[in-house]
Amino acid sequence: MNNRLNPKRFTVILDMDSVSYDLNTPWLEWYNKNAGDSLTHADINQWDWAKIVRPGWQSKIYDFLHIEYMFFNLHPFPGAVEATKVVHEWGTVTQLFGSTVKTRTGAYEKQHAVDRDFPHIGSGNVLTTGHIKAFKGDVLFDDGYHNLEAFDGITCKVNLQGSPYSDHYVADLDMTNWSQYPDLVKQAQIIYDQSLQEVQRN
């Protein structure tokens with residue numbers, strides 16, 4: 001964690017793919033069906049799937065991300081809608097969705113998916129950019145170690161499906177189930193306040 005601290009409304013950034021929405025389950029199903037393989041979530045030990053798929057699939061595995069309406073058709077993880085509603089109802093926290101999607105229609109599809117599934121947050125609070133450094137907030141909930149490393153704030157590593165690709169990264173907080181989310185936001189606020197007090201003392 002670093003000390004990008006400002007006296008303002010506490011801001012949470014939620015990654016979308018594999019944190020808020022289940023991307024990997026349909027992706028695995030698509031790959032296994034078309035490649036004749038049997039990979040599971042536990043087999044995803046690399047961020048780059050090209051390193052774990054069968055020979056001949058290295059250049060095709062990411063075709064799934066370009067299927068029209070794929071992002072729109074993803075489902076939120078169980079408990080995600082309810083947990084974000086709890087934090088929304090506090091009235092003291094801003095929740096933003098963040099995505100580094102680079103596909104042609106990905107950003108459009110994700111904005112409409114959020115309006116459908118998370119109307120209490122809404123597409124006006126969806127950030128889409130090519131790099132995590134463009135996100136400005138106080139805590140990032142993300143499954144990707146490289147995004148957590150690059151983020152300028154408190155980090156919460158999310159692993160909802162037992163995939164080990166980010167196990168080596170040590171974050172400020174960890175989430176394995178959406179039922180933990182409200183309490184983790186409170187913990188992040190405590191870390192923020194303690195860091196602010198430390199800065200003020202110095």
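The briefing below takes up the sheet, then the salt bridges, then the pocket and cavities.

This is a predicted model, in which local features need pLDDT of at least 70 and side-chain atom pairs count only at pLDDT 80 or more, whereas totals for chains, interfaces and linings use all residues. Residues are numbered from 1 along each chain as its sequence is written, and side-chain values use heavy atoms, with hydrogens and water left out.

**Sheet and packing helix**

- Six strands form an open sheet in the order β3-β2-β1-β4-β5-β6, with parallel pairing; strands (E, at least two residues) and helices (H or I, at least four) are DSSP runs numbered from the N terminus, and two strands pair if DSSP finds at least two bridges between them.
- The edges are held by β3 (126-128) and β6 (173-175), each with a single partner strand, so one side of each is left without a neighbour in the sheet.
- From one strand to the next the twist averages 25°, with axes being lines fitted to C-alpha atoms (for helices over the stretch in contact) and angles running from 0 to 180 degrees between N-to-C directions.
- Six bridges join β1 (residues 10-15) to β2 (residues 93-99) in the parallel sense, and Thr11 has Thr94 as its bridge partner in β2.
- Helix α2 (residues 80-90) packs on the sheet, where it touches β1 and β2, and its direction makes about 140° with that of β2; contact means heavy atoms within 4.5 Å.

**Salt bridges**

- The count comes to four salt bridges, each defined as a side-chain nitrogen of Lys or Arg within 4 Å of a carboxyl oxygen of Asp or Glu.
- In the salt bridge between Lys110 and Asp17, the closest N and O atoms are 2.8 Å apart.
- Lys110 belongs to helix α3 (residues 106-117) and Asp17 to the loop between β1 and α1, so the pair ties together parts that are 93 residues apart in sequence.

**Pocket and cavities**

- The largest pocket holds about 670 Å³ of space; on a 1 Å grid over the protein atoms alone, a pocket is an open set of points with protein on both sides within 12 Å along at least five of seven lines, a cavity is a set where a 1.4 Å probe fits but cannot get out, and lining residues have an atom within 4 Å of a point.
- Its lining comprises 29 residues, of which Asp17, Trp47, Leu65, Thr100 and His146 lie nearest the centre of the pocket, and α4 gives the most to this lining, with three residues.
- There are three cavities of 30 Å³ or more, and the largest cavity has a volume of about 50 Å³, a volume being the space filled by probe spheres set on grid points joined across faces, edges and corners.
- The residues lining the largest cavity include Ser18, Asn24, Asp143 and Tyr165.
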